[in-house]
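Please examine the sequence and the structure first, then turn to the points grouped by topic below.

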Amino acid sequence: MDDSLPDHVDVVIVGTGLPEAILAAACSRSGLSVLHLDRNPFYGENWASFNLNTLDEWIGENKKELSETTVSESIKEKIQADESYISFGDNRQIFDLEKQWTEDSATEKVVKNKDGEETTSTYRAIIEKEWRRFSIDITPKILLSRGTMVQTLCDSEVSKYAEFKCVNRLLCFCDGDKKICRVPYNRSEIFETDQLSFVDKRRIMKFMQFCLEWSKNQDEMKDWKEFADKSFSEFLATVHNLEGSTQRFITDAIAILEPNPTTLTGLQAVCRFIDSVGVFGPSPFLYPLYGCGELPQCFCRLCAVFGGLYALHLQVDGIILKENKVVAVVAGGQRVNCDHIITSPRYAPKKFGTLSGELVDRAILVTDDTILKEEKEQISILSLASISPPQCAARLFEAGYESCLAPRGYYLSQLTGARRDDKNYLKEVEEKLYDSEDSPRVLMRLRFASAAGSFQYSEESPTNFAVLPPPNVKLDYSDVIISSRELFTKFWPDRDFLPRGLPTVE
Amino acid sequence: MARTYDYLFKLLLIGDSGVGKTCVLFRFSDDSFNNSFISTIGIDFKIRTIDLDGKKIKLQIWDTAGQERFRTITTAYYRGAMGIMLVYDITNEKSFENIKNWIRNIEEHASQDVERMIIGNKCDMEDRRVVSRDRGQQLSIEYGTKFMETSAKLNHNIEEAFYTLARDIKGKMERGQGQTVGVGGTTGRYQQDSTIAAQGNNLCKNRHTFHCDFIAF
């Protein structure tokens with residue numbers, strides 16, 4: 001079969017992160033010819049998930065010094081006299097990488113071999129032997145059951161390429177931050193929990209009732225407008241008599257979609273939460289089996305099914321311009337003419353703009369137990385709002401074998417938080433969470449920061465060139481769909497964004 | 001909705017571009033053949049329900065969507081697959097040699113207990129044959145898989161190949177081996193977990209059947 005790239009396509013998309021994958025799917029689905037490229041040998045860029053071995057390769061790649069790009073003679077030959085050429089960027093997206101096996105990982109553990117004999121092995125050896133069973137998210141997020149991501153997955157039928165589980169446990173700190181406890185968030189849980197007094201149960205129920213009505217006609221509701229821009233806690237305390245742990249349940253956990261909320265954003269967050277409760281189960285949140293790295297791949301598959309062409313692990317050289325418009329890319333030593341080029345922030349030439357510079361801090365821990373033991377394995381989100389600055393939107397996502405993220409008996413604990421005032425708050429949080437006697441053992445630790453923010457175009461950026469945003473700190477995917485759809489509608493206003501697939505006959 | 005089958009098996013087709021994976025798939029699912037398939041566009045998966053020893057087995061057979069062309073099959077493609085057909089073209093040496101690479105891919109990304117089968121397609125083109133039957137046989141022995149030569153064009157051994165693969169999976173499942181979950185495989189485990197309604201299209205269907213229990217407040 002011919003291994004050469006086509007001479008012309010409608011759209012070239014560079015980078016296979018989630019926003020790029022969604023856009024590729026949308027273009028291909030609407031009949032545009034798509035060439036989708038990546039320098040990496042894997043799909044997903046910084047939206048990927050890795051096993052232990054591929055994680056090490058990823059770390060190695062991201063620690064490499066960036067080399068200056070040079071324009072070779074063979075590229076120059078492909079540029080005509082009235083055209084100009086600019087190299088794709090290779091902008092660093094991952095910073096401050098630090099990986100270590102902890103002292104605990106050298107501890108010996110008794111394991112049974114196949115014949116039932118007992119032998120001892122270190123935790124590290126046990127884990128490394130099971131390297132394939134890990135699926136470690138570079139960008140862990142959750143799907144809101146009635147959010148735009150689930151809507152898009154369903155409409156486009158991309159949902160058939162993946163499986164999802166409910167994030168069944170919502171946790172936050174209570175009793176003056178000394179204890180982690182389960183947040184009751186539906187009627188029966190609130191009724192049954194022993195975390196709340198009878199009076200508080202009634203107050204929470206009353207507040208939920210208020211939210212339901214508020215979501216329908218907030219203009220007619222009383223007692224909230226004067227608090228709209230004030231803190232949510234103040235509103236909850238003053239109007240609903242919700243204080244202490246009960247108040248934290250709401251501000252930290254149920255309103256987790258909007259960290260550091262005002263009364264207005266807090267109420268909106270609670271309403272989005274409530275709206276998604278009971279759609280696929282009691283929990284409003286879904287998580288893809290095998291990790292978030294599945295999602296970009298699923299959208300890429302849709303793109304491919306509709307004829308999109310994929311080439312990974314490819315040298316992606318640069319852009320050919322004519323009269324300040326993009327006319328072609330050079331990749332793998334070939335020229336491909338195109339009408340549009342869309343890239344991830346990594347590939348954007350600096351001349352066309354840069355990211356605004358925010359960072360998201362991440363910590364990934366492999367542990368030997370869950371942060372809060374229960375009979376069954378759980379998928380949990382723990383709000384860290386009370387033990388870190390609330391603007392950081394810090395939280396912990398923990399899952400294990402049941403989500404196909406780790407070998408049986410081990411957990412992945414994923415901490416995420418925006419960097420504020422040049423400080424990585426997650427380090428302190430991690431110590432607080434894992435340094436006590438009875439906390440789970442941390443066996444492996446990976447810390448890094450990833451570029452966030454928005455892309456600021458320069459005046460020189462061509463009108464048929466665009467950059468999609470990097471992963472942000474938000475817990476759910478809504479923004480990703482919104483930004484991909486916005487760009488699609490801007491370039492192709494007459495086309496439908498990911499409409500329903502063709503009817504299939506069985 | 002009443003279930004019209006006893007088992008659902010997810011099968012994959014894998015192999016180099018142009019070996020005839022989509023033709024094999026169409027022959028089996030629609031009993032049709034088209035010489036002019038250039039590359040795969042718009043084929044996601046096909047479904048056919050077969051009877052095997054009194055059981056109705058729904059085979060969901062996935063095509064590569066052309067992503068094999070630059071060796072860019074997604075790892076997600078392998079998830080939950082219970083059987084894989086590795087296809088080469090008997091008139092194309094390279095496609096035969098690449099079977100080894102595809103097997104390496106499967107070993108890294110698919111469930112450890114996935115059933116595999118090697119298929120030498122286009123056996124109607126005897127005059128252009130470059131890979132002997134023996135070499136195909138030898139390779140399958142090396143990897144401990146079944147082997148068949150097929151022709152999607154002449155409808156030779158296509159039924160047999162899918163039936164054999166399905167029978168092997170069924171046998172393994174009924175012996176209980178299918179319950180052990182390998183890497184990348186949800187085989188067994190997921191079929192039993194009724195709390196996860198969010199699989200595949202159910203994600204959409206269930207939207208209408210559940211109601212927000214907050215309405216009760």
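**A hairpin in chain A**

In the hairpin formed by S6(A) and S7(A), five residues lie between the strands, and A:Gly116 among the residues of this hairpin takes a positive phi near 85°. Helices (H or I, at least four residues) and strands (E, at least two) are DSSP runs, numbered from the N terminus. This is a predicted model, in which local features need pLDDT of at least 70 and side-chain atom pairs count only at pLDDT 80 or more, while totals for chains, interfaces and linings use all residues. Residues are numbered from 1 along each chain as its sequence is written, chains are lettered from A and ligands numbered from 1 in the order in which they are written, and side-chain values use heavy atoms, with hydrogens and water left out.

**Strand pairing in the hairpin**

- Strand S6 (residues 108-112) of chain A and strand S7 (residues 118-122) of chain A run antiparallel and are joined by five bridges; two strands pair if DSSP finds at least two bridges between them.
- A:Val110 has A:Thr120 of S7(A) as its bridge partner.

**Helix packing in chain A**

- Helix H7 (residues 198-216) of chain A and helix H10 (residues 263-276) of chain A have axes that come within 10 Å and cross at roughly 95°. H7(A) is therefore roughly perpendicular to H10(A), a term for angles of 65 to 115 degrees. Axes are lines fitted to C-alpha atoms, for helices over the stretch in contact, and angles run from 0 to 180 degrees between N-to-C directions.
- Residues making this contact include A:Phe207, A:Phe210 and A:Trp214 of H7(A), and A:Leu264, A:Leu267 and A:Ile274 of H10(A); contact means heavy atoms within 4.5 Å.
- The contact of H7(A) with H10(A) has 11 nonpolar, two polar and no charged residues. Ala, Val, Leu, Ile, Met, Phe, Trp, Tyr, Cys and Pro count as nonpolar, Asp, Glu, Lys and Arg as charged, and the others, Gly among them, as polar.
- In helix H8 (residues 232-240) of chain A, the residues A:Phe232, A:Phe235, A:Leu236, A:Ala237 and A:His240 are buried. Buried means under 20% relative accessible area, exposed over 50%, and partly exposed in between (1.4 Å probe, protein chains only).
- These buried residues of H8(A) pack against H7, helix H9 (244-254) and H10 of chain A.

**Positive phi values in chain A**

- Most residues other than glycine have a negative phi.
- A:Glu45 has a positive phi near 45° and is found in the loop between strand S2 (34-37) and strand S3 (49-50) of chain A. A:Glu45 is buried, at a relative accessible area of 6%.
- A:Asn260 has a positive phi near 55° and is placed in the loop between H9 and H10 of chain A. A:Asn260 counts as partly exposed, at 44% relative accessibility.

**Chain B and its sheet**

- Chain B contains seven helices and six strands, and 56% of its 217 residues count as buried.
- Six strands of chain B form an open sheet in the order S2-S3-S1-S4-S5-S6, with mixed pairing. Strand S2 (45-52) and strand S6 (146-149) of chain B are the edge strands, each pairing on one side only.
- Strand S4 (residues 83-89) and strand S5 (residues 115-121) of chain B pair in the parallel sense over seven bridges, with B:Tyr88 opposite B:Gly120 in S5(B).
- Helix H4 (residues 133-142) of chain B packs on the sheet and touches S4, S5 and S6 of chain B.

Technical notes: Angles under 35 degrees count as roughly parallel, over 145 as roughly antiparallel, 65 to 115 as roughly perpendicular and the rest as oblique.
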